[in-house]
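Please open the model in a viewer and keep the selection tool at hand. The stops below are meant to be followed in order.

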Amino acid sequence: MAGGLLLGGAIAALLTTALPAHDPSSGIVDPPPDKIVIKIATVNGSGCPKGTAAVAVSPDNTAFTVTYSDYLAQVGGNSDPTAFRKNCQLNLLVHVPQGFTYAIASADYRGFASLQPGASSTEKASYYFQGSSSTAAITHPFGGPYNDNWQSTDVTDWAQLVWAPCGVQRNFNINTELRVNAGTSAPGSTSFMTMDSTDGDISTVYHLAWKECPES
């Protein structure tokens, strides 16, 4: 389950891992004392129907969390023919304290998958700032038989962080997709992959790095 996300040309992180120590000469600073405010400007997709995605910011300004409550792709059995692929596009309005800018240093994903022998699934994600000309995505494959939580990890090098432009409002876009393929699994059997849980919502955590903007 190795894999990574490409964030505006830089690899972002999937799943819980400590952020690397940064070089003081990089300009990266501690989180600002004032809180950031993140709101969902628009949300579209079969994986996040209206009212099923929410955003929360950590008290220390080092991370924000996107919570999904109805993100499930499945195939086989009595599944709807279109249910094999689910996607979600979030457009986030991010207000940061004056004089600071931010980058996404890592991203933590988790979910649950139940894949029959011969079935497979993929999780794909891409992130970009509004107006960015560079976007890309990496696909993370999973193969059956599998019946467990899934997770994967990667971290962006500090030198490769992509920073939001200073002094300009640029919305942040998150595009994700789950896809399940029946493959050679037994006819009538059901396979699924989810970014939600019967025990509670599954959260996707995005860890932030901070830098002071140059004085105008």
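This is a predicted model: local features need pLDDT of at least 70, side-chain atom pairs count only at pLDDT 80 or more; totals for chains, interfaces and linings use all residues.

**First stop: the cysteines**

Begin by selecting the bonded cysteines; there are two disulfides to find. Numbered in sequence order, these cysteines pair as 1-2, 3-4. A disulfide is a covalent bond between two cysteine sulfur atoms.

Select Cys48 and Cys88, whose sulfur atoms are joined at an S to S distance of 2.1 Å. The torsion about this S-S bond is 100°, and the link of Cys48 and Cys88 is right-handed. Cys48 sits in the loop between strand E4 (37-44) and strand E5 (53-57), while Cys88 belongs to strand E8; the pair links distant parts of the chain, 40 residues apart. Both Cys48 and Cys88 are buried.

Next, select Cys166 and Cys213, which form a disulfide with an S to S distance of 2.1 Å. Here the torsion about the S-S bond of Cys166 and Cys213 is about -90°, so this disulfide is left-handed. Cys166 lies in the loop between strand E12 (146-152) and strand E13 (172-181), and Cys213 lies in the segment after strand E15 (202-212); this pair also bridges distant parts of the chain, 47 residues apart.

Is Cys166 buried or partly exposed? Its relative accessibility is 35%, so Cys166 counts as partly exposed. Cys213, by contrast, has a relative accessible area of 17% and is therefore buried, the cut-off for that class being under 20%.

**Second stop: the aromatic rings**

Now display the side chains of the aromatic residues, among which nine aromatic pairs are counted. Select Tyr109 and Tyr206: the ring centres are 6.1 Å apart and the planes stand at 85°, so the pair is edge-to-face. Tyr109 is in strand E9 and Tyr206 in strand E15, distant parts of the chain 97 residues apart. Tyr109 counts as buried because its relative accessibility is 0%. Tyr206 is likewise at 0% relative accessibility and so counts as buried.

Continue to Phe129 and Phe172. The centres of these two rings are 5.2 Å apart with the planes at 50°, so the pair is tilted. Phe129 is found in strand E10 (residues 120-129) and Phe172 in strand E13; the two are 43 residues apart, in distant parts of the chain. Phe129 and Phe172 are both buried.

Which residues lie nearest the centre of the largest pocket? Select Val96, Phe100, Cys166, Gly167 and Val168: these are the nearest among the 20 residues that line the pocket.

The space in the largest pocket comes to about 340 Å³. Strand E8 (85-95) and strand E9 (100-115) are the elements that each contribute two or more residues to its lining. The most comes from E9, with three residues. Colour the lining by residue class to finish: 11 residues are nonpolar, seven are polar and two are charged.

Notes. Residues are numbered from 1 along each chain as its sequence is written. Side-chain values use heavy atoms; hydrogens and water are left out. On a 1 Å grid over the protein atoms alone, a cavity is a set of points where a 1.4 Å probe fits but cannot get out, and a pocket is an open set with protein on both sides within 12 Å along at least five of seven lines; lining residues have an atom within 4 Å of a point. Grid points are joined across faces, edges and corners, and a volume is the space filled by probe spheres set on the points. Helices (H or I, at least four residues) and strands (E, at least two) are DSSP runs, numbered from the N terminus. Ala, Val, Leu, Ile, Met, Phe, Trp, Tyr, Cys and Pro count as nonpolar, Asp, Glu, Lys and Arg as charged, and the others, Gly among them, as polar. A disulfide is a pair of cysteine sulfur atoms within 2.5 Å. Buried means under 20% relative accessible area, exposed over 50%, partly exposed in between (1.4 Å probe, protein chains only). Rings of Phe, Tyr and Trp (its six-membered ring) pair if their centres lie within 6.5 Å; planes under 30 degrees apart count as stacked, over 60 as edge-to-face and the rest as tilted.
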